[in-house]
Amino acid sequence: MSSQNNCSQCAFFEDHKANNAAQLDDAGLCRFNPPVSQPSAEGRGLWPVVNESDWCGHFQADAA
């Protein structure tokens, strides 16, 4: 897979924001799928945290 088709270049990648609002180096949130639900009914759903160099089959080039 080309390094140009990784999460950091994807339209669904939100950089430098983790689910708890802490900044993580080389990480961000994947916004392709809805948040993953938590075991308890009171728990909020969380977006998957991915590394900038990760990739998947849902890649879509960022228009910006």
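This is a tutorial dialogue on reading the features of one predicted model.

Student: What should I know before I start?

Tutor: The model is predicted, so local features need pLDDT of at least 70 and side-chain atom pairs count only at pLDDT 80 or more, while totals for chains, interfaces and linings use all residues. Residues are numbered from 1 along each chain as its sequence is written, and side-chain values use heavy atoms, with hydrogens and water left out.

Student: How many helices and strands are there in the protein?

Tutor: Start with the definition. Helices (H or I, at least four residues) and strands (E, at least two) are DSSP runs, numbered from the N terminus. Here there are zero helices and three strands. From the N terminus on, the elements run β-β-β.

Student: In what order do the strands form the sheet?

Tutor: Two strands pair if DSSP finds at least two bridges between them. In this protein the three strands form an open sheet in the order 1-2-3, with antiparallel pairing. Strand 1 (13-15) and strand 3 (49-51) are at the edges. Each has a single partner strand, so one side of each has no neighbour in the sheet. From one strand to the next, the twist averages 45°. For that angle, axes are lines fitted to C-alpha atoms (for helices, over the stretch in contact), and angles run from 0 to 180 degrees between N-to-C directions.

Student: Which residues stand opposite each other?

Tutor: Take strand 1 and strand 2 (residues 27-30), which are joined by three bridges. F13 faces C30 in strand 2. D15 stands opposite G28 in strand 2. Now move on to strand 2 and strand 3, which also pair over three bridges. There, G28 stands opposite V50 in strand 3.

Student: Which residues make up the largest nonpolar core?

Tutor: A nonpolar core is a set of buried Ala, Val, Leu, Ile, Met, Phe, Trp, Tyr and Cys residues joined through side-chain atoms within 4.5 Å. Buried means under 20% relative accessible area, exposed over 50%, and partly exposed in between (1.4 Å probe, protein chains only). The largest core here has five residues: C7, C10, F13, C30 and V50. Across the protein, buried residues make up 16% of the 64 residues.

Student: What does F13 touch?

Tutor: Contact means heavy atoms within 4.5 Å. Leaving aside neighbours within four places in sequence, F13 is in contact with C7, S8, A27, G28, L29, V50 and E52. For the protein, take the contacts with a separation of 6 or more: residues 24 or more positions apart account for 44% of them.

Student: How many disulfides are there?

Tutor: A disulfide is a pair of cysteine sulfur atoms within 2.5 Å. A search of the whole structure finds zero. For C30, the nearest cysteine sulfur is that of C56, 5.8 Å away. C56 is partly exposed, with a relative accessible area of 34%.

Student: Where is the salt bridge?

Tutor: Side chains of opposite charge can pair when their charged atoms come close. The cut-off puts a side-chain nitrogen of Lys or Arg within 4 Å of a carboxyl oxygen of Asp or Glu. This structure holds one salt bridge. The side chains of E14 and R31 form it, at 2.8 Å, N to O. E14 is in strand 1 and R31 in the loop between strand 2 and strand 3, 17 residues apart. E14 is partly exposed at 23% relative accessible area, and R31 is partly exposed at 29%.
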